[in-house]
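Work through the exercises below with the sequence and the model open. Each task is followed by a solution in steps.

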Amino acid sequence: MEALARLTIRGRWPIVVLWLLLTVAGAIAAGKLADRWFQQFSIPGYSAYEANQRTLDRFGTGRQYPMVLVFSVVNGDIREQTGIEAAIAAGAGVNEGSRTNSWFEAKDDAFVSEDGKTMFAHIYATGEPTFTTLLPVEQTREAVAASAPEGVTASVTGVDAIIQSQGEAGGPSVLIEVLLGGIGALVILLFVFGTLPAVLMPLAVAVTSILTTFLCVLALTYVTDVSLVVQFLVALVGLGISIDYSLLMIFRFREELDRGLSVDDALVETMEHAGRSVIVSGTTVAIGLVSMLLIPLPFIRSIGIGGLLIPLVCVLSSITLTPALLRMLGPKINRYRVMPKRLLTRDNAEAGFWVRWAGIVARRPLVIFLAGIAVVMVLFIPASQINPGDAEQAQQPAAGDAAAGRQALTDAGITAGVFKPFAVLVEGTADPTKVDSIAAAVAGTEGIESVTAPTGGSWRTDDAVLIDAFPKGDSSSIANRDVISNLQDKVLPAAAAASGAGVDVTLGGAAPEERDFVHAVYGSFPWVLLVVVMLTFILLARAFRSVVLPLKAVILNLISLACAYGVVVFIFQQGHGSEAIWGVQATGVILAWVPLMIFAFLYGISMDYEVFMITRIRESYDETGDTSAAVSLGLARTGKLVTSGAGVLMFAFFALSTGPGIDIKLFGIGLAAGVIIDATLIRLLLVPSSMQLLGRWNWWLPKWMAIVLRTTPSPLEPRASASQPQTDP
């Protein structure tokens, strides 16, 4: 790090010019990314997804949620009303190439309520869904309404119709979100530093890092697919961690200048300590993102690969551009004050709130530790109830005609399973006898309300047939998870075997594909967790020169994540404030990919503060040999840094929560909650109190492990007194 510092000092002007050119190129690249984002969702190798893909190939439909047309009358039998079939055809005409299913095609009373006054029909649109395309629900609604007979109430509902009724899924643009996060960061920096250069430098480095990351992402899109979600992560996560790293560097540089060092020597010391911490912190963030490559989903992997560029670029800018700018400014970093001194927090690590708090922790470590654990246990309660999955349609907020259609189905006693029918794909035969036998087996399955097997050409080919099954209750309900498993594992394999050789029967549809996603993500999660924990432990064991400290760091980080899950579940799954604050109605579930993404990003980001704090504690211990004094001094020296950095990230993630879609809101709030919990509950309560309780065991590193890690061992023998400092534990 000293060599890099010297190189940065000598080449500061070329470094700044190079980053300036990268920033300009990144601004141009950001404008070209709109057409290059990966917007499709796939689960290769999983049966329901593959069945839906084969259905799309054979029939041109099968990947979209069906639009549900609802017709009802006050008097008479809905089946006797003339013109309804024409209204269905008019709706299908808006969706060219679509496949329909109704009482008129199937001649099946499954489409009619028991009282005969309500009927529904399905329109399956062509193509594959993406994050930005919308089905022509409103056009379909207009066509159906125009053709519906007089006296018949017609509505168009369904998953897409309900989503569209919630309003435009826009929210602020990425630029607006960055501006919101930047304004929050600016306010914090003003109160932390109070001088114009110190305030503007982190923001300038953040802008450079974000735009350079977009340049790298553009290049990456020519090599592999990169998810649309990455644009929000680059902007907001990049803003947060880039400012965090700049804070660490500027804090240390100002501290070294206050000690009387020259500008060059202060910069070398800053790079030796703060620069090393930035590298370790960035590596932990990268480890969390690399873990997503173990998930067998292109969508998740693309987020991991694209997101991995964020810490890499931020670290690189922090150890090259930031020191170059610091060398140019020198003592001017403390000039041009824009905030009165009385409004600024104190920089003196020997006095102030953080020293007093460190003293309290040193005197009452067990009480502080137990208090922290008590809060953790409270947050563990909702976390233990997390339900990853997709929401039932009855719990989705809806308005207008979509809500009216949904209510009409409910009032008529028609199962909510019609929103996401199970699609049974029969391949290898179109023999009516065999198809009827398979349909009967599905109909006889516990949890299935009714089954239809239309004979039209859009449902049958020479060697393939589609059968629709409507489960009792919503297809995404917990009860129907067992129904899906039973069909996949027992009923359909038995039906295929009974139909003879060469016949394959596979369960498709939206709900089985949703379960495939959950299995793909969380079936691999134990391996993801194992890899992340092992790599983090090895990295921190070398950085901290201890076995106990990295083990404690990993455990506390997992506790922090669990607490963040608890907050997300409490707000969004259980509905405490979700609608009042974010306008999101509680649905009883957390979207399946959100917990994984929170883990991947938050694990490394929250570890930043552990690295910042323990690095200073380790440094103080090496100077004094006194664990209690080192913990107190380390806490006092990093308290302001940790809270300031957490404040910046909190604003960035709150800005992210204003983004489009419920999933982005959950993700942003989860990250914000995790950062707040980590900077307060974990770093200010549990970390220092546990270290005070562990005493000299904090520093234990056996000689054999030190050799493997290529670092200096830390013996357990009592250290020399504080008056006899040693440089090597």
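The model is predicted: local features need pLDDT of at least 70, side-chain atom pairs count only at pLDDT 80 or more, and totals for chains, interfaces and linings use all residues. Residues are numbered from 1 along each chain as its sequence is written, and side-chain values use heavy atoms, with hydrogens and water left out.

**Exercise 1.** Determine how helix H19 and helix H22 are packed.

Step 1. Helices (H or I, at least four residues) and strands (E, at least two) are DSSP runs, numbered from the N terminus. H19 spans residues 525-544 and H22 spans residues 593-624.

Step 2. Axes are lines fitted to C-alpha atoms, for helices over the stretch in contact, and angles run from 0 to 180 degrees between N-to-C directions. The two axes come within 12 Å and cross at roughly 15 degrees.

Step 3. Angles under 35 degrees count as roughly parallel, over 145 as roughly antiparallel, 65 to 115 as roughly perpendicular and the rest as oblique. H19 and H22 are therefore roughly parallel to each other.

Step 4. Contact means heavy atoms within 4.5 Å. Residues making the contact include Phe 525, Val 532 and Phe 544 of H19, and Leu 596, Glu 610 and Arg 618 of H22.

Step 5. Ala, Val, Leu, Ile, Met, Phe, Trp, Tyr, Cys and Pro count as nonpolar, Asp, Glu, Lys and Arg as charged, and the others, Gly among them, as polar. On this scheme the contact of H19 with H22 divides into 13 nonpolar, 2 polar and 2 charged residues.

**Exercise 2.** Is strand S6 buried or exposed, and which strands pair with S6?

Step 1. Buried means under 20% relative accessible area, exposed over 50%, partly exposed in between (1.4 Å probe, protein chains only). In S6 (residues 422-427), 6 of the 6 residues are buried, so the strand is largely enclosed by the rest of the structure.

Step 2. Phe 422, Val 424 and Val 426 point one way from S6, while Ala 423, Leu 425 and Glu 427 point the other way.

Step 3. Two strands pair if DSSP finds at least two bridges between them. S6 pairs in the antiparallel sense with S8 (residues 464-471) over 6 bridges, and with S9 (residues 504-508), also antiparallel, over 5 bridges.

Step 4. Leu 425 has a bridge partner in each: Leu 466 in S8 and Thr 506 in S9.

**Exercise 3.** Describe the open sheet of 4 strands and the helices lying across S1, S3 and S4.

Step 1. The strand order is S2-S3-S1-S4, with antiparallel pairing. S2 (99-101) and S4 (153-157) stand at the edges with a single partner strand each, so one side of each is left without a neighbour in the sheet.

Step 2. S1 (residues 67-72) and S3 (residues 118-124) pair over 6 bridges; Leu 69 has Ala 121 of S3 as its bridge partner.

Step 3. Helix H6 (residues 137-147) lies across S1, S3 and S4, at about 165 degrees to S4. H15 lies across S1, S3 and S4 at about 105 degrees to S4.
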